Structures are given as structure tokens and as C-alpha cells.
Amino acid sequence: MQTEQKPDGQAPPPRVPPALTTARAASSREPRSGGLTLGKLVLMVIALVIAAWFIGNRKPSATGSEAATTTDDASAPATASTPARRGAMVVEGEKPTTLTALDEARMVAQDNGTVLRVEGSVGAKFATDLQAALDANPSLQRIDITSGGGYAGPGLEAARMIRRRNLIVRVQSQCASMCVALWAAAAQRQMEPDAWIGLHDWDARCDLRPSPAREECNYQVQFATDHDSSYDAWLRDAGFNQYLLDLQAKTASKDIAILTAPQLWENGVDFSVVGHDGARMSRDQVQRYLAEKFGRR
């Protein structure tokens with residue numbers, strides 16, 4: 001690992017920069033034992049959360065403990081789901097013993113260059129690719145993203161670009177770990193009704209690297225730690241309350257705390273929900289949508 005990055009587990013930030021560890025909430029996921037995929041497990045967890053939300057706000061309890069394999073990227077290992085306060089659900093993972101290189105996210109300009117569709121990991125070239133996309137599309141207004149997170153260095157740099165350009169960031173499907181920094185830094189935050197945010201602490205996994213990469217990794221960890229304040233500031237500006245900040249810090253890097261739109265609203269996060277057609281949705285509409293999709297199965 002060069003001076004640029006450390007895997008965010010694709011789901012956490014260094015206390016903030018989720019990009020330093022590997023994540024578990026990506027578009028491509030490895031199969032869990034028993035034939036379940038991490039994606040299906042996450043959907044089950046969301047269904048439990050939604051069900052609890054509509055049944056007197058009772059806290060859901062874990063229903064399965066099958067092991068699931070995952071990688072440093074958004075296919076991190078998930079073994080079980082356990083409840084957390086205020087409706088948040090934590091999907092547990094297994095501590096990785098090897099490092100996994102992250103693929104670069106795909107970036108495609110749409111709608112005459114006003115929208116940039118981003119899908120995949122925050123890899124080593126993420127900030128460079130984003131800058132190239134911004135240069136090629138001066139009228140860009142919004143980023144639509146699906147990502148399990150990635151590296152802290154490129155992720156924090158990209159978040160600053162988003163901040164400087166006053167861009168809108170819309171979450172489609174999921175946004176975990178370092179991706180949350182990109183969302184929080186946006187001038188306006190949006191998400192689709194069935195999308196979710198994933199939080200966890202970070203882990204650069206320096207001990208898994210041979211020397212001198214291990215020493216370089218430790219240097220990068222310190223650099224990222226020194227920039228925690230900017231990440232915290234973005235989260236706080238976005239309305240993340242102390243509960244969410246603590247949830248992120250206390251959720252192990254191998255795990256992921258899942259939050260849907262209702263839980264984010266409950267905890268004061270400032271964002272809007274738009275349907276798949278782009279129309280803005282009220283809180284009642286979002287609750288009805290989720291109840292129909294997840295609560296009646």
C-alpha cells in the first residue's frame with residue numbers, strides 16, 4: 001500500500017474515514033454458507049428493521065447466525081445479525097486474515113453530463129477518476145452512488161471535491177464506510193427509499209502487510225487519524241447525532257451497522273428521499289413504501 005490508501009473495510013471510516021477498512025455492503029457479494037448471499041442477508045436485516053418499525057417500534061432480534069464469506073471490499077464476511085439501539089441493526093462479520101485489492105468504481109456521465117453514476121469501490125484511483133469526470137462535465141450537479149466503501153486517502157480527497165463543487169449525492173441501493181463520507185460532505189444528501197447507509201469503525205490491517213509496506217501503512221493510519229476532525233465535521237454538518245457517531249465508532253470494522261431512511265431521520269440526519277423516478281417522497285410515503293416492500297413478506 002502506497003501513501004494513498006488503506007482499505008476501509010469498505011464500510012468504516014477511521015473513526016471516521018470509513019475508507020480504511022473493508023466493507024460489507026456492496027453490489028457484488030460472495031455466497032454465504034447455506035446458499036445465502038450477503039445481499040440477501042442485508043435485505044433480511046432491513047426487513048426485520050422495517051417490521052420492528054411498524055410494530056410499535058420494538059427492537060428486532062437476530063434471526064440467523066449462518067456464516068457468510070466476504071472480502072475487504074463490499075463483500076465482507078457476515079456471520080450474524082444483532083440488534084442495536086434505535087432500530088439500527090448490526091450485521092456481524094469475520095475478521096479477515098488476508099488483504100483484498102479493491103477494484104475501481106465505474107463512473108458514467110448521464111443526463112447530458114449533469115449526473116454522474118458511480119458504482120463500486122473507492123479504489124486507489126477514485127479521486128483521480130472523479131476529478132477527470134468533473135473536468136469533462138462542467139455542468140455536473142449530482143452524483144448517484146452505490147458503494148461499499150474503500151480507501152481513506154482517495155475517499156477523503158473525493159469528499160473534498162464534492163464539498164467544493166456543492167454537489168448533490170444520491171444513494172442508490174447502499175452506501176457504506178468511506179462512501180458515507182462522500183454522502184455527508186455533499187451540499188444536499190438524497191437516497192432512494194429502499195437504500196441504506198452502513199457505518200463501522202476502521203481498520204487498516206497494517207499487521208497483515210510485509211515490511212516496508214507495514215510501516216507505510218502505519219504512517220497512513222496516523223495521517224488519516226489526524227484528519228478525523230474533517231470527517232466528523234461532515235457527519236455533524238449532515239445532522240448525525242452523538243448516537244450515530246458512537247455507533248460508527250463502536251461497530252467493529254468487520255461488522256456493519258445498517259440504517260434505513262426512517263432510522264436516519266429519527267437520529268436527525270438532514271437528507272431527502274426520492275423515488276426511483278426522481279420524485280421527492282414524504283416520510284409517510286417512504287414508510288408505506290418500505291412496509292409494502294419489506295413488511296408484508
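Q: In this predicted model, which residue has a backbone oxygen that lies 2.6 Å from a polar atom of the side chain of Thr251?
A: Thr251 is found in the loop between helix 7 (242-250) and strand 11 (256-260). A polar atom of its side chain lies 2.6 Å from a backbone oxygen. The residue that supplies this oxygen is Leu247.

Q: Is Thr251 buried or exposed?
A: A residue counts as buried when its relative accessible area is under 20%. The relative accessibility of Thr251 is 5%. Thr251 is therefore classed as buried.

Q: Which residues is Thr251 in contact with, leaving aside its neighbours within four places in sequence?
A: Contact requires heavy atoms within 4.5 Å. With the neighbours within four places set aside, the contacts of Thr251 include Ile256 and Ala257. The complete list is Val90, Leu199, His200, Asp201, Ile256 and Ala257.

Q: What span does helix 3 (residues 152-165) reach from its first C-alpha to its last?
A: Helix 3 has 14 residues. At 1.5 Å a residue, the expected span is 20 Å. The model is close to this expectation, with a span of 20 Å.

Q: Which residues of helix 3 are buried?
A: An α-helix has 3.6 residues a turn, so residues three or four places apart point the same way. In helix 3, the buried residues include Leu156 and Ala159.

Q: Which residue just after helix 3 takes a positive phi?
A: The position in question follows directly after the helix. Its phi is about 55°. The residue is Asn166.

Q: How many aromatic pairs does the structure hold, and what is the angle between the planes of Trp183 and Phe240?
A: The structure holds three aromatic pairs. In the pair of Trp183 and Phe240, the rings are 6.4 Å apart, centre to centre. Planes over 60 degrees apart count as edge-to-face, and this pair is edge-to-face with an angle of 80°.

Q: How many residues apart in sequence are the parts that Trp183 and Phe240 tie together?
A: Trp183 lies in helix 4 (residues 178-184). Phe240 lies in the loop between helix 6 (228-237) and helix 7, so the pair ties together parts whose separation in sequence is 57 residues.

Q: What kind of aromatic pair do Trp265 and Phe271 form?
A: The ring centres of Trp265 and Phe271 are 5.0 Å apart, with 15° between the planes. Planes under 30 degrees apart count as stacked. The pair is therefore stacked.

Methods: Residues numbered from 1 in each chain as written. Predicted model: local features only at pLDDT ≥ 70, side-chain atom pairs only at ≥ 80, totals over all residues. Heavy atoms only, no water. Helix = DSSP H or I, 4+ residues; strand = E, 2+ residues; numbered from the N terminus. Expected span 1.5 Å × (residues − 1). Buried < 20%, exposed > 50% of the residue type's maximum accessible area, 1.4 Å probe, protein only. Polar contact = N/O pair within 3.5 Å; in protein donor to acceptor, adjacent residues only side chain to side chain. Phe/Tyr/Trp six-rings, centres within 6.5 Å; stacked < 30°, edge-to-face > 60°.
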